[in-house]
Amino acid sequence: MTAEKPKLAVWKFASCDGCQLSLLDCEDELLAVAGTVEIAHFLEASSAVVAGPYDVSLVEGSVTTPSDVRRIQRVREQSRVLVAIGACATAGGIQALRNYADVAEFASVVYARPEYISTLDTALPVSSYVPVDLELRGCPIDRRQLLDTLTALLAGRRPNLPTHSVCFECKARGTPCLPVVRGTPCLGPVTQAGCGAICPAYGRGCYGCFGPADRPNTAALAAGLRELGVSETELGRMFRTFNAAVEVAT
Amino acid sequence: MTHRSDRSLHVAALSRVEGEGAMRVRVDGGRVTDVQLEIYEPPRFFEGLLRGRGHLEAPDITARVCGICPVAYQMSACQAVEDACGVVVDGPLADLRELLYCGEWISSHALHIYLLHAPDFLGYDGVVPMARDHRSTVERGLALKKAGNAILELLGGRAIHPVNVRVGGFYRTPTRPELAPLRETLQRALDDALATVAWVAGFDFPDFTHEHELLALVAPGGYPMVRGTPTTDRGLTFPVRAFEEYIGEEQVPHSTALHARLAGRGRYLTGPAARYTLSHERLSPAARQAAAAAGLGPDCRNPFRSIVVRAVETVHAVDEALRLLAGYEPPPRPAVPVPPPGRPVTGYGATEAPRGVLFHRYTLDAAGTITAARIVPPTSQNQAAITDDLRRFVTDRLHLDDHRLTHACEAAIRAYDPCISCATHFLDLTVERRTP
């Protein structure tokens, strides 16, 4: 007699589908994962829907409509562990730029009949509405972190999610420091690790898609960026892109 | 009861499509009176939030419209911004862009063929139960998808929202030895892609054809991907910059949704079947041969058979990637500089996303700040044709009970590989709900 498999659910709110796609991008592990858990609700991958409660819910996307406020509450009620995955779910995502603008005006730019659009003034992370057990950062999330998190949850341990900065990953990878060596503006010193420091390895400054690291000294970095010739306009854009609902000091 | 004359079918949440949508079918007096694709995916206002951002930010920001086809957004955005700034990116940089795009086509097509669409033909709810009975086939599909991702990861840094693309080219271009491991991966992928064509060609396709006009880019040198001229199978052709003059929105009688239309001509389809119909002679030799062996004629007007076209296009993309790898010489610099234009300008871009023509337009001020943006994704363009096909599809199958008919409709929608995430922010998909 085998024990019942834990039930996994995947939910989507305002997002691009990329973070849940990360699960399908685990080509080598997907079938093994599916052998270990029951994929009970994952509309992108399956038409079969098993009713809750769920042992683990992965939630992608930010909450941006009145009906989604109610939906995230229902997801929370049905989930033993709720993991917010990706920049939208943990920090509002790119659409959180609306939080600093007039949404009615945004809607009028995009839609001919904006009165038919039902939306909130803000795009906020899941944690603004319900308690969240774990957050995976990134735009998109890193699939190794996702697998490690699922494995940890199945084994009943806490996943190992670093809160230090991307700089540690550049050192580990042996990537020369771009601001120092080339004078390239880089958000690495204030951005949470987890991606593997991809951008600097490609000669590009980190653009902060994993959101702020633990206790980031953004004011000091901003001063350094100004010295590298970054304008105030560019600075504002750099600090406010894919994790736009998070406020940092510049 | 299967022969009631008044019925209402509703699929509350479409599965195995990108994004969130629903379908409603209304039958009154034995006649299909209403078919609606409802898009309840929340709007994200990309055209609004792009205003005030820098011209060099367009590829990274618009990539976030869609996690399945971010490269398509990056490519159309780069092209439009470069057009605005009067910069031409060609030679090895253009080849590298195409190589990256091949990775996305392979990955996206393999995803749709194996994980989203094939389960319908074989009678499964998804790939996981299908793998219990067809393990090695599913493993072949995952390997093919992984080969596409290998290109994206090596050249782009990661498969979803690649980081190495910039307006003007790349941040860093690979050396020949760095690209070398891809050759072996792609050689295996070519075998897998050919086996995929043979596999899907044997599926049982519902008898259904449409007469929609087909729109795709046509490129003189080859099968369209990173560039081309919008062209239809009925002889209409127009420059990319005139896209918005030819593609307009119309309100349809008996329907409350605004749909993209070819001005003065009506609904149309873009995507793999349109590309194949207009450019099958420009497929790679292996892809052409596979298409012939699979029994594809000079056009494809059965939406269910588009899975075969996707498989043929996957062969082409793998072949093309191998060709680009073989001929690769590192460019002298990773990117062409694209400084702010110094005066207000507007630029246009269109490339072939896996799901069809993706149009971008940006207006920039002198400092390069985006003052206006417009994005027209493939699914928005296809919605009118999909809805029309569904209406006929249902009419021919009213003898089915509700459960089987609903299931058949959902499978029919999946045949078009709609990308609702892409379509949502866009004007044409505004669903205007009828108030009772």
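Guide: In chain A, the centres of domain 1 and domain 2, taken over C-alpha atoms, are separated by 27 Å. This is a predicted model, in which local features need pLDDT of at least 70 and side-chain atom pairs count only at pLDDT 80 or more, while totals for chains, interfaces and linings use all residues. Residues are numbered from 1 along each chain as its sequence is written, and chains are lettered from A and ligands numbered from 1 in the order in which they are written.

Domain 1 of chain A covers 7-155 and domain 2 of chain A covers 166-239, with bounds that come from an automatic or database domain assignment. To the contact between them, domain 1 of chain A brings 8 residues and domain 2 of chain A brings 7 residues, where two residues are in contact if their C-beta atoms, placed from the backbone, lie within 7 Å. On the side of domain 1 of chain A that touches domain 2 of chain A, helix α4 (residues 86-91) of chain A gives the most, with 3 residues; helices here are DSSP runs (H or I, at least four residues; strands are E, at least two), numbered from the N terminus. Sorted by class, that side of domain 1 of chain A has 3 nonpolar, 3 polar and 2 charged residues, with Ala, Val, Leu, Ile, Met, Phe, Trp, Tyr, Cys and Pro counted as nonpolar, Asp, Glu, Lys and Arg as charged, and the others, Gly among them, as polar.

For a helix pair in chain B, the axes of α4 (residues 91-122) and α11 (residues 306-326) come within 9 Å and cross at roughly 150 degrees.

Key: Axes are lines fitted to C-alpha atoms, for helices over the stretch in contact, and angles run from 0 to 180 degrees between N-to-C directions.
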